[in-house]
Protein chains: 4
Amino acid sequence: MTVPEFKTLRRTYGFDEVAIVPGGLTVNPEQVEIDFKIGNINFSIPFIASAMDAVTNVDTAVAMSKMGGLSVLHLEGIYTRYENPQEILDQIISKPIDEVTAFMQKVYTAEPIKEHLIAKRVSEIKAKGGICAVSIMPANAKKLAPVAVEAGADIISVASTVTSARHVSKSSHGLIFEEFVKMIKVPVLVGNCVSYQACLELMRTGVHGVIIGVGPGAACTSREVLGIGVPQITASMDCAAARETYYKETGRYVPIITDGGFKKGGDVCKAICAGADAVMLGSPFAKAAEAPGRGYHWGMSHPHPSLPRGTRIKVGTTGSLEQILFGPTSVTDGTQNMVGALKTSMGVCGASNIREMQQVEMVIAPAITTEGKSYQLSKCQ
Amino acid sequence: MTVPEFKTLRRTYGFDEVAIVPGGLTVNPEQVEIDFKIGNINFSIPFIASAMDAVTNVDTAVAMSKMGGLSVLHLEGIYTRYENPQEILDQIISKPIDEVTAFMQKVYTAEPIKEHLIAKRVSEIKAKGGICAVSIMPANAKKLAPVAVEAGADIISVASTVTSARHVSKSSHGLIFEEFVKMIKVPVLVGNCVSYQACLELMRTGVHGVIIGVGPGAACTSREVLGIGVPQITASMDCAAARETYYKETGRYVPIITDGGFKKGGDVCKAICAGADAVMLGSPFAKAAEAPGRGYHWGMSHPHPSLPRGTRIKVGTTGSLEQILFGPTSVTDGTQNMVGALKTSMGVCGASNIREMQQVEMVIAPAITTEGKSYQLSKCQ
Amino acid sequence: MTVPEFKTLRRTYGFDEVAIVPGGLTVNPEQVEIDFKIGNINFSIPFIASAMDAVTNVDTAVAMSKMGGLSVLHLEGIYTRYENPQEILDQIISKPIDEVTAFMQKVYTAEPIKEHLIAKRVSEIKAKGGICAVSIMPANAKKLAPVAVEAGADIISVASTVTSARHVSKSSHGLIFEEFVKMIKVPVLVGNCVSYQACLELMRTGVHGVIIGVGPGAACTSREVLGIGVPQITASMDCAAARETYYKETGRYVPIITDGGFKKGGDVCKAICAGADAVMLGSPFAKAAEAPGRGYHWGMSHPHPSLPRGTRIKVGTTGSLEQILFGPTSVTDGTQNMVGALKTSMGVCGASNIREMQQVEMVIAPAITTEGKSYQLSKCQ
Amino acid sequence: MTVPEFKTLRRTYGFDEVAIVPGGLTVNPEQVEIDFKIGNINFSIPFIASAMDAVTNVDTAVAMSKMGGLSVLHLEGIYTRYENPQEILDQIISKPIDEVTAFMQKVYTAEPIKEHLIAKRVSEIKAKGGICAVSIMPANAKKLAPVAVEAGADIISVASTVTSARHVSKSSHGLIFEEFVKMIKVPVLVGNCVSYQACLELMRTGVHGVIIGVGPGAACTSREVLGIGVPQITASMDCAAARETYYKETGRYVPIITDGGFKKGGDVCKAICAGADAVMLGSPFAKAAEAPGRGYHWGMSHPHPSLPRGTRIKVGTTGSLEQILFGPTSVTDGTQNMVGALKTSMGVCGASNIREMQQVEMVIAPAITTEGKSYQLSKCQ
C-alpha cells in the first residue's frame with residue numbers, strides 16, 4: 001500500500017556536518033580581500049559582535065570598529081535601563097547558577113528602557129570614534145529608533161527571535177518595514193529569519209541587510225523549548241539564494257549576516273562558503289578580555305519573563321579581542337586568529353574575495369566518529 | 001550484478017531529528033488558538049495525561065480537566081485492584097531498584113480488577129467535576145467499558161501496545177470495534193497504532209480518536225525486547241495522512257493523539273507540526289507535584305508477568321501541574337510552560353490554530369554533534 | 001565539472017538502525033509458530049548456539065536440542081585437542097586480560113586435533129539424546145567430516161570468516177562443495193557469507209543451509225583489522241533475496257541462518273523480519289549458567305596465531321539457558337525470554353509463522369540520540 | 001514555494017563509515033601480491049611513513065626501505081636546521097603540554113634550513129643503503145630540491161596542506177610543476193589534494209605520484225581552524241577517478257597515495273579498496289620503538305608561527321616497526337601486522353593484487369551505535 005505523504009521533510013545541515021573542498025586553484029592568503037559593506041558603510045573584516053549584553057558595550061563597540069568590524073549595542077538591555085550597567089552585569093556574573101535566570105528575569109524588567117540612556121550610549125560610542133550600530137525589538141522600533149538616530153547612530157538593527165515582513169496582530173500600530181526604512185535615514189538590518197521566502201520578503205521591504213539564524217546549535221534552547229530552528233549552513237544557503245533572486249530582480253545587493261552557533265574559525269569559513277557576506281558572533285567574543293561579561297555569557301539578549309530560553313554560561317577569558325581576531329596565537333582549536341584562518345582558508349580554496357569564497361565547493365562530511373578524540377589528530381597535513 | 005531487493009526500508013524520524021521552520025508570516029502568540037475536540041467534548045488545550053498509574057489518579061484527572069486538558073485513568077491498574085491505591089504506589093516507590101520489577105509483576109496480578117472499584121473511581125472523578133476518561137485493554141473492553149459508562153465515564157480508551165481492527169485469535173469472543181462503538185454511547189479512543197493502514201482501518205470502525213505511538217523513544221524497551229516501533233514524527237505524519245484520507249472519504253474528522261516519547265515543549269510543537277491534533281504525555285506529568293508517582297514513573301501501564309518491558313525510573317518532582325502546563329518558569333529546558341511554548345512556537349511560525357500548525361514546514365535537523373553541550377548555547381536568538 | 005564515480009557505495013544497516021512496524025493485523029501470540037528445518041531435521045525454535053568454545057560443549061549441545069533448538073560443537077577447538085577441556089577453559093578464564101590472547105594463541109596450537117576426541121565428543125552428545133551438529137574449517141573438512149559422521153554427527157557445518165564456492169589456491173586439494181555434499185550423507189551448513197552472489201553460488205552447490213554474517217557489530221575486530229563486514233540487517237536481506245532467487249530456480253528452500261551481533265530479543269525479531277530463517281547466537285548464550293565459558297566469552301572460535309581478531313570478554317552469568325530462551329523473567333532489557341519476545345513481536349505484527357514475519361514492514365529508525373538514557377523510557381506503551 | 005539551490009552538497013565518507021564486502025571468490029592470502037611503484041622504483045609493500053619529524057629520521061628511512069616500503073624525510077624540519085636533531089626532539093617531548101606549541105613555533109623558526117645539512121641527511125640515508133625520499137614545501141622546491149638530488153635523493157615530494165597546479169601570487173617566481181619535473185631528474189610526488197579536478201591537473205604536469213588528503217580525521221584541526229577537508233574514502237575515490245581518466249588519456253599510470261587519518265589495518269584495506277595505490281601513515285609509525293618521537297607525535301610537519309593547527313600528542317610505543325608492519329602480534333585492534341591484515345583482507349575478498357582490490361565492493365556501514373563497546377564483540381566470525 002502506498003502511504004500518502006503528509007509533509008515533505010528536507011535534510012538540513014549545520015557547521016559540524018560540512019567541510020570546504022580545496023580545488024584546482026590556490027591563492028596567496030596575503031592577496032585575499034575580505035571587506036564587506038552595509039549600505040554605504042565599509043568594513044575591512046566581515047565580523048560583527050552580537051547585540052548581547054555580555055558581548056557588546058560602548059567600549060567593545062568602539063574597539064571592534066577600530067579593528068575594521070562592527071559591534072551592535074542592544075538598546076533594550078542593561079545599558080539603557082541602568083546608569084551604571086557594569087554593576088548589574090557584575091551581579092549577574094556573581095549569582096549562583098540556580099538563581100541566575102530568575103535574577104536576570106528580574107533585572108531586565110525592574111527598570112524601564114530610558115530614552116536619555118539610549119542617547120547617552122550612542123553619543124559615547126560616537127565620541128570615542130566608533131561606528132554605532134544599535135539593536136531594537138520590532139515592537140519598540142518605531143519609538144526608539146528615532147531617538148538613537150537623533151543621537152548619531154549609524155546603523156539600526158531590528159531583531160527578534162523571528163521577524164517577518166508579514167505579522168498578524170490585533171494591535172493596529174504594527175511595524176511596516178517599508179515605512180520604517182523610509183522614516184529612518186540610516187541603513188537598517190532586520191532579523192532573524194532562516195527561510196528563502198521570509199528573507200526575500202524582508203529584502204523587498206528595502207532593508208539594507210538581513211540577519212540569518214533561528215535556533216542554531218544543536219542544543220540551542222529554541223530547539224528544546226519551541227521546536228524551531230534551522231541549522232546555519234542550510235539557513236545561510238537558502239537566504240543566499242534569496243539574495244541572489246533579489247539581486248537579479250532589482251540589481252540591489254543586500255548582504256546577509258549569519259548570526260549564531262559559531263564556535264571556531266572553521267565555522268566562519270563555512271558560513272561564508274555557504275553564502276554569508278558577514279558573520280555575527282556572540283560567545284567567541286564573550287571570551288575576549290575586553291568583554292563586559294567577564295568570562296560569562298548568556299544566550300538571549302534578555303530572558304523572557306515567563307518562558308526563558310537561555311541561561312548564563314561560563315565561557316572563560318582566553319585572550320584579547322585583537323588576538324581572537326588577528327592572532328598571533330599558540331592555540332590550535334580555531335578560537336583565535338579567526339581573520340587569519342579565514343584568509344588562509346580562502347587562499348587554499350583559490351578565493352580572492354568573499355564573493356568567490358561563496359562559489360567554492362562544500363561537501364557533507366559529518367564530524368562524528370566512534371573513536372575518541374585523542375587518536376584523531378594522527379596526520380593532519 | 002544487480003541484487004534483487006528483498007524488502008524496502010524507509011527512513012523514519014523522531015523528535016530529536018527534526019525542527020520546525022519559521023517562514024514569511026508571524027502571528028501574535030496571544031491570538032493563537034489551541035483547542036481540540038473528542039466527539040463533542042471540547043478541550044481548550046491539546047494536552048492529555050497518560051493512563052499510567054504514576055501519572056493519573058482521581059485527583060490529577062480532575063485537575064487536568066479544570067485546566068482545559070484531559071487525564072486518562074487506567075482501569076486495569078492499582079486503582080481498581082486496591083481500595084487504597086496510594087499505599088501500593090508507595091510500596092512500589094520505596095522498593096530497591098533490583099526488586100521493583102518483580103514486585104510490580106506481583107502487585108499487578110495479586111488482586112483482580114474489581115467492578116465496584118471501577119464504578120467508585122469514575123464516580124469520584126465526576127463528583128469532583130472532572131471529565132472522566134478511562135483506559136481498558138481490548139481483551140476486557142466488552143466487559144469493563146459498560147461498568148465505567150454506567151458509572152458516568154465520558155470517554156472510553158481501548159488501548160494496548162498494538163491494537164488493530166483485524167485480530168486473529170482462537171477465542172470466539174474477539175472485540176469487534178464497529179460493534180463496540182455502537183454499544184458504548186460515549187466517544188471511544190483506540191490505540192496504539194503507527195501505520196497509515198492500521199490507523200485508517202481503525203478510523204473506519206467508527207472510533208472517535210486514534211492514539212499514535214509504538215515504541216517511541218530511542219531506548220524504549222519495546223524496541224529492545226520486541227524490535228518494534230516507529231519514531232513519533234513519522235508515526236504522526238503517516239497517521240495524519242490516514243486522517244486526511246478518511247476525512248476526504250467521509251467528511252468525518254477523527255483526531256489523532258500522539259502518545260509517548262515527549263521530553264519537552266519543543267517535542268509537543270513538533271508532534272503537532274507533524275500532524276497530531278493532541279498529545280499524550282507520561283513522564284513530563286509524572287514530574288508534577290500532584291503526580292501519584294511522587295517523583296517516580298514506570299514506563300508501561302503495568303508490567304507483563306513473564307516479559308516485562310519497562311521498569312521504575314526516577315523523574316523527580318519539578319513543579320506544579322499548572323507550572324508545567326502554563327508557567328511562569330525560570331527553567332530553560334522546555335519542561336515547564338509547555339502551553340506557552342506551543343503558543344509561542346505557533347506564533348513565530350504564523351499558525352493561528354492547530355490545523356494551520358500542521359501545515360508549517362518542518363525539516364530534518366539532527367540534534368547530534370561532536371562537541372559537548374556547554375559551548376552549544378553560544379548565541380541563541 | 002562532473003566527477004566520474006570510481007565506485008558506488010550502497011548504504012547498509014545493522015540491528016540498531018531499524019525497527020519493525022506493526023500494521024493492520026494482529027495475531028494472538030499463542031497461535032504463532034516458529035519452527036524451522038535443516039534438511040529433514042525439525043527444530044521447534046529457530047535458535048542456534050554458536051560453534052564457540054565458551055558457548056557450546058557436549059552438555060549445552062544436549063540441552064539446546066532438548067529445548068527445541070541446536071548447538072554446534074567446534075571440532076577444531078579445545079574439545080578435540082584436550083581430553084579434559086574444562087581444565088583448559090578454566091585456565092583461559094583465569095588469565096589476566098593482558099596475557100590471555102597470547103595464552104589462547106598457545107593453547108589452540110600446542111595440541112593437534114585428535115580424531116579419537118572428535119568421535120568421543122560426537123558419541124557423548126548422541127548418547128545423551130542430543131542432535132549433534134559439528135563445525136569444521138574448510139581446509140580440514142574433507143578429512144574431519146567423515147570422522148564425525150561415522151561417529152554419528154547429524155549435521156556438518158563448514159565455516160570460516162568468509163567461505164565461498166570459488167576459491168583460488170595453489171593447493172591442488174581444494175574443497176569442492178558439490179563433491180563434499182555428495183560425499184557427506186548428512187545435511188551440510190556452509191558459512192559465512194554476506195552477499196547475494198556469494199550466497200546464491202553456495203546454495204547452488206547443494207548445501208542445506210547458509211550461515212550469514214561477516215564482521216557484524218560496529219566494533220567487531222574484523223572491521224577494525226581487515227576492514228571487512230556487512231551489518232546484519234542488510235546481509236540478511238541480501239542473502240534472503242538469494243534464497244528466494246534459488247527457490248524460484250529450483251523449488252528447493254535453503255534456509256539462511258543469521259549469525260552474530262545479537263544482543264537482545266529485539267535483534268532476533270529484526271533478523272527474521274529481514275529474511276532470516278533462524279539465528280545463531282554467541283554471547284547471549286555465553287551468559288547462561290550452563291555455558292562452559294563460565295561468564296566469559298571470546299569472539300572468534302579460536303585466535304589466529306599471528307593476527308588475532310578477538311579477545312576474551314566478561315559477559316557475566318545472568319540466568320539458566322531455559323530462562324534466556326523461555327523466561328519467565330523480571331529483566332527488562334530483552335536478554336531473557338527471547339522465544340516469548342519473538343512470539344509476541346510476531347503476534348503484534350500479525351505474523352503466524354517465520355515466512356509471514358519475513359514479509360512484515362521494517363523501517364530505518366536509528367537508535368541514536370543526544371539525550372542520555374534515563375529520560376528516554378518516558379512512555380513506552 | 002520552490003527554493004532555488006544556492007549550492008549542491010555531496011555526501012562524503014571517511015574510514016569509519018564504510019566496510020569492504022567479501023563476495024563470491026576467495027584467494028589464499030599467501031598468493032596475494034601487494035607491490036607498488038613510483039616512477040621506476042619498486043616497493044614490495046604499499047606503506048609509506050610520513051614526512052614528519054616524529055616519524056621519519058635517517059634511521060627509520062633506512063629501516064622502512066629495507067622492509068620493502070618507504071619513509072619520507074622532511075627537509076624543512078628539525079633535521080636540516082640542527083646538527084643534533086635528537087636533542088631538539090627530546091626537548092619537544094619533555095615540554096609540558098601547555099608550553100609545547102609555543103616552543104615548537106620557536107624551534108622551527110629559530111634556525112634556518114641549512115643546505116649542508118640537507119646534503120648530509122641524504123648522504124646518510126644512501127650510505128646506509130636506504131631509498132632516499134625527501135619532502136619540500138612548494139615555495140622552497142626550486143631552491144632545495146636540486147641540493148637534495150645532487151646529494152643522491154631518489155624521490156622528491158613537494159607537499160603542503162593544499163598544493164595545486166594553478167597558484168595565484170604576486171611573486172613572479174612561482175613554482176611551475178611542468179618545469180620542475182623536467183628540471184629534477186628523479187620521480188616527483190606532489191600533494192596534498194583531494195578533488196578530481198585538482199588531482200587530474202597535477203597529473204597532467206607530469207608528476208610521478210599524487211598525495212591525497214586534506215584534513216582527514218574528524219577532529220583534524222584543519223577542519224576546526226580552516227573548515228577545509230574531505231574524508232579519505234571519498235578523497236581517494238575521487239582522485240582514483242582522476243587517475244583512471246588520466247590513464248585513459250595518456251596510457252601513463254600515476255599512482256595515488258592516500259595520506260593521513262589511518263588508525264589501524266582495516267583503514268589501510270579500505271583506502272586501497274577506495275582506489276589508493278599506496279598509503280602514507282604518521283601516527284601508526286610514531287608508535288614504533290624506532291620512531292624519533294619516542295612515543296610522541298605532532299600532527300603537522302611543523303607548526304605555523306601565527307596559526308598553528310596541531311599540537312603534540314602522546315601515542316605511546318607499542319612495538320617494533322617490523323611488528324607493526326608484519327607481526328606476529330597478540331594485539332587485536334588492528335594496529336600491528338598491517339601487511340598481514342591487508343593480505344588477509346584481499347584474500348577473503350578474492351583480490352590477487354592492488355588493482356583487483358580497487359575493484360572490490362565497498363558499502364556504507366557506519367561504525368556508530370548506541371551501545372558501549374563491551375557487548376559489541378559478541379560473535380565476530
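**Chains A and D, and a helix in chain A**

Tutor: Welcome! In this predicted model, chain A and chain D bury about 5,900 Å² between them, with 61% of it on carbon and sulfur atoms.

Student: What makes that area a description of the interface of two chains?

Tutor: The size of an interface is often given as the accessible area lost when the parts come together. The contact here takes 71 residues from chain A and 74 residues from chain D.

Student: Why is the pair D:Arg10 and A:Glu361 called a salt bridge?

Tutor: The rule asks for a side-chain nitrogen of Lys or Arg within 4 Å of a carboxyl oxygen of Asp or Glu. The N to O value for D:Arg10 and A:Glu361 is 4.0 Å, so the pair is called a salt bridge under that cut-off. Across the interface of chain A and chain D, 2 salt bridges are found.

Student: How many residue pairs are in polar contact between chain A and chain D?

Tutor: The count is 22, with both residues at pLDDT 80 or more. On the side of chain A that touches chain D, H9(A) gives the most, with 8 residues. By class, that side has 33 nonpolar, 27 polar and 11 charged residues.

Student: Now to helix H2 of chain A: which residues are buried?

Tutor: In H2 (residues 85–94), they are A:Pro85, A:Gln86, A:Ile88, A:Leu89, A:Ile92 and A:Ile93.

Student: How do you know that they are on the same side of H2(A)?

Tutor: They cover an arc of only 160 degrees around the axis, which puts them on the same side. These buried residues pack against helix H3, helix H4, strand E15 and strand E16 of chain A.

How values were computed:
Residues numbered from 1 in each chain as written. Chains lettered and ligands numbered in written order. Predicted model: local features only at pLDDT ≥ 70, side-chain atom pairs only at ≥ 80, totals over all residues. Heavy atoms only, no water. Buried < 20%, exposed > 50% of the residue type's maximum accessible area, 1.4 Å probe, protein only. Helix = DSSP H or I, 4+ residues; strand = E, 2+ residues; numbered from the N terminus. Arc of directions from axis to C-beta. Contact = heavy atoms within 4.5 Å. Buried area = accessible area lost by both parts, 1.4 Å probe. Polar contact = N/O pair within 3.5 Å; in protein donor to acceptor, adjacent residues only side chain to side chain. Nonpolar A, V, L, I, M, F, W, Y, C, P; charged D, E, K, R; others polar.
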